[in-house]
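Welcome! Take a look at the sequence and the model below, and then let us walk through a few of their features together.

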Amino acid sequence: MAISANLLRHETSPYLLQHAENPVHWRAWGADALAEAREANRPILLSIGYAACHWCHVMAHESFEDPETAALMNRLFVNIKVDREERPDIDHLYMAALQAMGEQGGWPLTMFLTPEGVPFWGGTYFPPEPRWGRPSFRQVLEATAEAWQTDQDAVRHNTAAIVRALGAINAARPGGMIGKEALDRAAASLLRATDPEQGGLRGSPKFPNAPMFRFLWQEAFRTGQAAFADAVHLLLASMSQGGIYDHLGGGYARYSTDAVWLAPHFEKMLYDNAQILELLALAHAAAADAETAALYAARADETVGWLRREMTAEPKNGRAAFAASEDADSEGEEGRFYVWSEAEIDALLGGDALAFKAAYDVSAGGNWEGKNILRRVTPAGDADAEAGLARGRAILFEARSRRVPPARDDKVLADWNGLAVAALCRAARAFGRPDWLSLAESAFDFVLAEMSAPDGRVQHAWRLGRVTAAGLLEDQAAMARAALALFEATGERRRLDQARGLVRAAETWFADADGSFYTTALDAADVPLGPAARPRGAADGATPSGNGLMAEVLARLYHLTGEAAFRQRAERLIQAFTGSPDALIESPTLLAAADLIASGASVVIAGEAGLAATEALLAAALASPDPAVSVIRAERPDALPPGHPAHGKLAPAGHAAAYVCREQRCGFPIADAAELAKLLASRAGSGLV
């Protein structure tokens, strides 16, 4: 018999716990909730959101906390709440269903399902009263319930079409291998979509779109065309000086609501900041001038400072990973923690206020809803001027620390932590910060220690000492990529072994016969709609797709080991998604992996560890701005397997040498670190023999 109560108090997800006191009889997603709906033959109201989602909070306050609305929900539906970060597989499934219905997606996602979990109608945010041409939420509840009660046969007939559409979305579309022409077309198309004045994509709202811009950065090296790198530099400079960046505490908000990077939705996500940190590290090594390099270095330092200070999750056994997000709201108001009045600035900064206000766009009328979002609008000044602004920021940061802070979602997600680990590895070597590498090692080791299953899979979510969601493809792929980043950064063989183990787990539980991978595991027990709707795709979103990441992992393993089987598996994976050439621009991570296979470089550093010459060459190789460069240490003759093109290449005793290998051929040995850095700054004239 169904329990007439809200059951979310038994959960650990901060988002679900935010709704634990609602008068709605919420259930968490799972077999029990689905069984309850089937037994009662009652439709399901599925509400999906996340802890840092502003409009999720709005709908909660307006509808889910309202006793009359809750009573209607409880009478008509089995009500299920999902944290999209904890269950991205469920979110992906029903977001795809909504889009198949011709509706625009977003959060909160509101879906109506048959008792078997098949979607038949949905939307996003619904207001408590009719407005903006939208019905009220209560009107939606009553109309949907009536449709179900009066004509279930018609509803079930319509759901069959939706299931067929989902099957088509998730079907593999095999084709040939991605070549130069396909890369050229995709890169040119994406470049045309960028905003040549403000950076990012044209129009508003503006998102970082990190996977796309990382591909464009890699394209600058493949093609030698500066326009691709220029688009990335413009994005980073615009965001880093805009209101989307927190100039006091570090870190980037999820997106800007306007076309000039001024007014964000103020939530900060781990995945955005991880990917932006990696872009900063890549771009820093190829910055056009000292001022740009200094900007990237400052933003990287401040963002890692924010990760360390605000985003370190509950430690265990001396290790700690990173939390998922910080909320947009505090004291019930979006952005309240971050905005300022001119009077506050004047009172806190005194005689320094005038210069600070000019630099950060502060005025009596404000630049956003009568308040001021700090953004840097003046060029860098001399040392004294910048020191004065730094003092001002420190004073305001201290004053802000006395405000009520936004809530933090402190669950640990394996895939997002994998992105953060890889970014910290690259940033540590780009900016000369070995302490950042220690952060990366701690986070990686935490995830493997606390979130690994006995069968080798890494699980998806962890909080309060327990795993709360099963592992997905993205978790295996992102953590394998992180293991390879640690292997390159440290040379520790166990990291390479860990990457191999995660790849084996992915191939055991997620692989299809065509070489591609499904999002959910073979033994997933609570994902409805049958095998045809099992999620699979290569399109990137705000984060890279699992298939794109796995293609990169397999390609990098090929360059690091020389094992041809990894190349073959990477190519089969990529070819599973190339049957619709026009859709490839949606998969920039997959495109970048194709380039990595074909023309990526493995840089082999031969020489005794700790030798000054060896360390200088390592530093130059690891700081390369080309993402398609892999770095291997070869201290002994047997360090590389026979299949690697640099097998047997050594340096004379007491010396060190670097070999740059592409397309199974290696160049002459390089002993000078500056010469190596220059060679890796461009793929032209690679010196192959």
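A few words on sorting residues come first: Ala, Val, Leu, Ile, Met, Phe, Trp, Tyr, Cys and Pro count as nonpolar, Asp, Glu, Lys and Arg count as charged, and the others, Gly among them, count as polar. Please keep in mind that this is a predicted model.

## The second largest pocket

With those classes in hand, we can turn to the second largest pocket, whose volume is about 460 Å³. Its lining is made up of 20 residues, and those nearest the centre are Gln241, Leu295, Arg376, Ala380 and Glu386.

Which element gives the most to the lining? That is α12, with seven residues. Sorted by class, the lining of the second largest pocket holds nine nonpolar, five polar and six charged residues.

Next, find helix α17, which covers residues 434-451 and includes Glu450. Is Glu450 buried or exposed? Its relative accessible area is 17%, and buried means under 20%, so Glu450 counts as buried.

Leaving aside residues up to four places away in sequence, Glu450 touches Lys316, Asn317, Arg319, Trp462 and Val467. With Lys316 there is also a polar contact between the two side chains, at 3.4 Å.

## Two cis peptide bonds

Here is some background for the backbone: most residues other than glycine have a negative phi, and most peptide bonds are trans. In this model, a cis peptide bond joins Trp107 and Pro108, with omega at about 5°. You will find Pro108 in the loop that runs between α5 (88-100) and β4 (109-113).

Another cis peptide bond links Ser204 to Pro205, and here omega is about -5°. Pro205 sits in the loop between α8 (180-192) and α9 (210-223).

## Two residues with positive phi

Asn41 is not a glycine, yet it has a positive phi of about 50°. Look for Asn41 in the loop between α2 (31-40) and β2 (44-49). Asn41 is partly exposed, because its relative accessible area is 36%.

Leu529, also not a glycine, has a positive phi of about 85°. Where does Leu529 lie? Its place is the loop between α19 (493-509) and α20 (546-561). Leu529 has a relative accessibility of 15% and therefore counts as buried.

Technical notes
Residues are numbered from 1 along each chain as its sequence is written. This is a predicted model: local features need pLDDT of at least 70, side-chain atom pairs count only at pLDDT 80 or more; totals for chains, interfaces and linings use all residues. Side-chain values use heavy atoms; hydrogens and water are left out. Helices (H or I, at least four residues) and strands (E, at least two) are DSSP runs, numbered from the N terminus. Buried means under 20% relative accessible area, exposed over 50%, partly exposed in between (1.4 Å probe, protein chains only). A polar contact is a pair of N or O atoms within 3.5 Å; within protein, one must be able to donate a hydrogen and the other to accept it, and residues adjacent in sequence count only if both atoms are side-chain atoms. Contact means heavy atoms within 4.5 Å. On a 1 Å grid over the protein atoms alone, a cavity is a set of points where a 1.4 Å probe fits but cannot get out, and a pocket is an open set with protein on both sides within 12 Å along at least five of seven lines; lining residues have an atom within 4 Å of a point. Grid points are joined across faces, edges and corners, and a volume is the space filled by probe spheres set on the points.
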